[in-house]
Amino acid sequence: MLEIKNLHARIAEDGTEIIRGLNLTVKAGEVAAIMGPNGSGKSTLSYILAGREDYEVTEGDILYNGESILGMDPAERAASGIFLAFQYPMEIPGVATMEFLKVALNEQRKARGEEPLKISEFIARVKDAAGSLNMDMGMLKRPLNVGFSGGEKKRAEILQMKLLQPKLCVLDETDSGLDIDALKIVAEGVNSLRSSDRAFLVITHYQRLLEHIVPDTVHVLYKGQVIKSGDKSLALELEANGYAGVIGEAA
Ligand SMILES: Nc1ncnc2c1ncn2[C@@H]1O[C@H](COP(=O)(O)OP(=O)(O)OP(=O)(O)O)[C@@H](O)[C@H]1O
Ligand SMILES: [Mg+2]
């Protein structure tokens, strides 16, 4: 589903190279955990997948279902089923969460040649998704993320994911800031979307999340490269020993 080949990318503004020859393949149905020390390029990779314009790809390619996405803008990528849950979700003052969700959903439907959802059907879907995440519908009248607590923002990201039903879901530290119950709720939300035609990239620092969202593969990112891949036992090894050993092996 996703094939990243020898990807090199830099910050457009000043030319600093952040991604330096990254290779990664994720199959449909797979949950791939991405781990790695602070500053290794995990969030940068997620922004590049989403098509953020602050970064320039200088070499290599990103194939999604066999086709390069490098020429696609962020809206086209979203419509094709790529979704990013941000490490730091943006606050959007003046736009009620409900309205934001409706526009996001209907824009994607339009791009795929589908009719907008009937308002009653839309509300039913939001109610269902919010209920499963233990989110209060009252909150959805507030501007998106404005004044939401850290954990509420993360839940709002998962709510978007549940509504949009994307095919490639990139979750950037969705566990950070969640209380114990919210962690379980969010993990259940992710697990309920696991299916043979969908893949997840789950960026996390901690094994804790991976107890709830059990990954098929684990990849360690360091200085813009994947330096080691393994199965879920790799996450346990990292939790026990830290990154020094893995970084030493790769050097
Ligand atoms: N716009 C930018 N300007 C300058 N440096 C940047 C920019 N974007 C990213 N970087 C740098 O690129 C490196 C990778 O950052 P990134 O946010 O991808 O790391 P990360 O692996 O997500 O880290 P963390 O685990 O702390 O979230 C960091 O050294 C960061 O300072
Ligand atoms: Mg990050």
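Begin by selecting the shell of residues around ligand 1: four of these residues are nonpolar, eight are polar and two are charged. The structure on display is a predicted model.

Ligand 1 is surrounded by 14 residues, of which Gly39, Lys42, Ser43, Thr44 and His205 are the closest. Then colour helix 1, which spans residues 42-50; this helix makes the greatest contribution to the shell around ligand 1, namely three residues.

At glycine 41, show the backbone: one of its N or O atoms is placed 3.0 Å from an oxygen atom of the ligand. At serine 43, a backbone N or O atom is likewise found 2.9 Å from an oxygen atom of ligand 1.

Move on to ligand 2, the magnesium ion. Which residues coordinate the magnesium ion? They are Ser43, through OG, and Gln87, through OE1, at 2.0 to 2.3 Å. Trace the chain from each: serine 43 belongs to helix 1, whereas glutamine 87 sits in the loop between strand 6 (82-85) and strand 7 (92-96), so the pair ties together parts 44 residues apart in sequence.

Are serine 43 and glutamine 87 buried or exposed? Both residues are buried.

Notes
Residues are numbered from 1 along each chain as its sequence is written. Chains are lettered from A and ligands numbered from 1 in the order in which they are written. This is a predicted model: local features need pLDDT of at least 70, side-chain atom pairs count only at pLDDT 80 or more; totals for chains, interfaces and linings use all residues. Side-chain values use heavy atoms; hydrogens and water are left out. A residue is near a molecule or strand if one of its heavy atoms lies within 4 Å of it. A polar contact is a pair of N or O atoms within 3.5 Å; within protein, one must be able to donate a hydrogen and the other to accept it, and residues adjacent in sequence count only if both atoms are side-chain atoms. Helices (H or I, at least four residues) and strands (E, at least two) are DSSP runs, numbered from the N terminus. Ala, Val, Leu, Ile, Met, Phe, Trp, Tyr, Cys and Pro count as nonpolar, Asp, Glu, Lys and Arg as charged, and the others, Gly among them, as polar. Donors are N, O and S atoms within 2.8 Å of the metal (3.2 Å for Na, K and Ca); water is not among the atoms, so sites may look incomplete. Buried means under 20% relative accessible area, exposed over 50%, partly exposed in between (1.4 Å probe, protein chains only).
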